[in-house]
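I keep these notes while going through a structure for the first time. Each entry records what I looked up and what I found.

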Amino acid sequence: MPTTFNAISLGVFADIDPTEGNLNAENASSLVGLTFGGPGDSLVDDFVTISAAGTGFSGGRSNVYDMDNTSSNDQFSVDGGAAQTFDGTSIYSATVTYIDGTTATITAVVFQDTAGNLYLAPEFSANSDQTALEAAAIRSITLDSVAGTRYTGLTGSRETWDFVTCFAKGTGILTPKGEIPVEQLVPGDKVCTLDNGVQTIRWVGVRKVPAEGNLAPIRIKAGALGQNLPARDLWVSRQHRMLCRSKIAARMFDTPEALISANKLTLLSGVRQDDSLDHVTYCHILCDNHEVVFANGAPAETLYLGKYTKKSMSPEALDEIRMIFPELVDGLEDPKPAHHMPNNAPQRNLMRRLRKNKRAFIEAH
């Protein structure tokens, strides 16, 4: 796991660790009952990148921002800025509210620097809390109670907070030359799209990760979506959207086609999270516009570079894309989606209605 990771900035608050030289955050309870973020001020807009800086981890244990502050104080930077001195960390029982209003209960890791800047950290291992953090875009978090205040420090190697949509290695993408494995595609190659004919790939990203927790792929069995699609079993990341074509979608959204996240498809027969793999190699492809391509025959999106995706990508990947599409990386507005993208609750409702009415995810034209 990386020692550079994404976190959410929560603001500036009173010191939770006012007494140095021990392993306890004496004032952690001062944050109980507070809600960070809300409508019009969603936390998904407050992602920052944390990395070791200045003295780094030199104050004690390797790869840990130490709590006692009795030796050389450990330091980190936010978005590559000036070094900030780590102060303390605590864990809270918390309620996360997503953009669509649904909620989840987690144990939240919070840490603070000596200037009072407070951050919500990802987990240091793939677990149910990390899955909840990545389940959808987060609007707010409420710290309900203190779950722990005595720690040696904050582990610097933490999970990647990932919303990026990816195909698994081996997925066949339709091109004018026939179907080609996604990992063999390079910038400049052509792909066939549903709506705009042949388009050029402008950027490719490849990443191998442990296939566990929120990084485990969703397996869509051959024929599970209807119309004998996909033609072969298809593995994609949890947030990768597949194109639904349905009369039920038309009644719900005034359009028969909608892009639905793969993890919502698990309500359907033949679609499940695959926990049988040790590792998975994910591949992203980016075109000039958001497109629908054909993955093992099934319609699926290319990388959508919206603000939520940009918040979850590594600085290195964004720098690469910025060289090609500075307006997409630095622009204030999201690009136009290829098709309607419902929020999480309507997506789940659509899947329930498809299952209840025994209708295919992809109906014939």
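Are Arg245 and Glu257 buried or exposed? I checked each of them, and both Arg245 and Glu257 are buried. I note at the outset that the model is a predicted one.

Entry on Arg245 and Glu257. I looked up how the two side chains meet and found a salt bridge, with the closest N and O atoms 3.2 Å apart. Arg245 sits in strand 18, while Glu257 sits in strand 19, which covers residues 257–261. The pair is 12 residues apart and links distant parts of the chain.

Entry on other salt bridges. I looked up the total, and the count comes to seven salt bridges. One of them joins the side chains of Arg241 and Glu301, at 3.1 Å from N to O.

Entry on Glu363. Where is Glu363 found? I located Glu363 in the segment after helix 6, the helix of residues 344–356. Why does Glu363 count as buried? Its relative accessibility is 12%, and buried means under 20%, so Glu363 falls in that class. I then looked up its partners. The side chains of Glu363 and Arg359 form a salt bridge of 3.0 Å, N to O. Arg359 counts as partly exposed because its relative accessibility is 32%, between the cut-offs of 20% and 50%. A polar atom of the Glu363 side chain also lies 3.1 Å from the backbone nitrogen of Lys247. With neighbours within four places in sequence left aside, I list Gln227, Arg245, Ser246 and Lys247 as contacts of Glu363. Arg245 in that list is the residue that forms a salt bridge with Glu257.

Entry on the nonpolar cores. Which residues touch the most other members of the largest nonpolar core? I found Phe167, Ile220, Met242, Leu265, Leu350 and Phe361, in a core of 36 residues. Apart from neighbours within four places in sequence, Leu265 is in contact with Ile220, Leu225, Met242, Ile260, Val271, Met351 and Phe361. There is also a second, separate core of 28 residues, with Val44, Val110, Ala137 and Leu143 among its members.

Entry on strand 15. I traced strand 15 along residues 198–210 and found it antiparallel to strand 14 (residues 190–192), with three bridges in the pairing. In this pairing I noted Lys190, whose bridge partner in strand 15 is Thr200. Five residues lie between the two strands of this hairpin, and Gly197 takes a positive phi near 65° there. Strand 15 also runs antiparallel to strand 21 (residues 279–287), and nine bridges join them. Ile201 has Cys287 of strand 21 as its bridge partner.

Entry on strand 9. Which strands did I find paired with strand 9? Strand 2 (residues 35–37) pairs with strand 9 (residues 138–148) in the antiparallel sense over three bridges, and Phe36 has Ile141 as its bridge partner in strand 9. Strand 6 (residues 84–98) is antiparallel to strand 9 over eight bridges, and there I noted Thr97 with Ser140 as its bridge partner.

Notes:
Residues are numbered from 1 along each chain as its sequence is written. This is a predicted model: local features need pLDDT of at least 70, side-chain atom pairs count only at pLDDT 80 or more; totals for chains, interfaces and linings use all residues. Side-chain values use heavy atoms; hydrogens and water are left out. Two strands pair if DSSP finds at least two bridges between them. Helices (H or I, at least four residues) and strands (E, at least two) are DSSP runs, numbered from the N terminus. Buried means under 20% relative accessible area, exposed over 50%, partly exposed in between (1.4 Å probe, protein chains only). A polar contact is a pair of N or O atoms within 3.5 Å; within protein, one must be able to donate a hydrogen and the other to accept it, and residues adjacent in sequence count only if both atoms are side-chain atoms. Contact means heavy atoms within 4.5 Å. A nonpolar core is a set of buried Ala, Val, Leu, Ile, Met, Phe, Trp, Tyr and Cys residues joined through side-chain atoms within 4.5 Å. A salt bridge is a side-chain nitrogen of Lys or Arg within 4 Å of a carboxyl oxygen of Asp or Glu.
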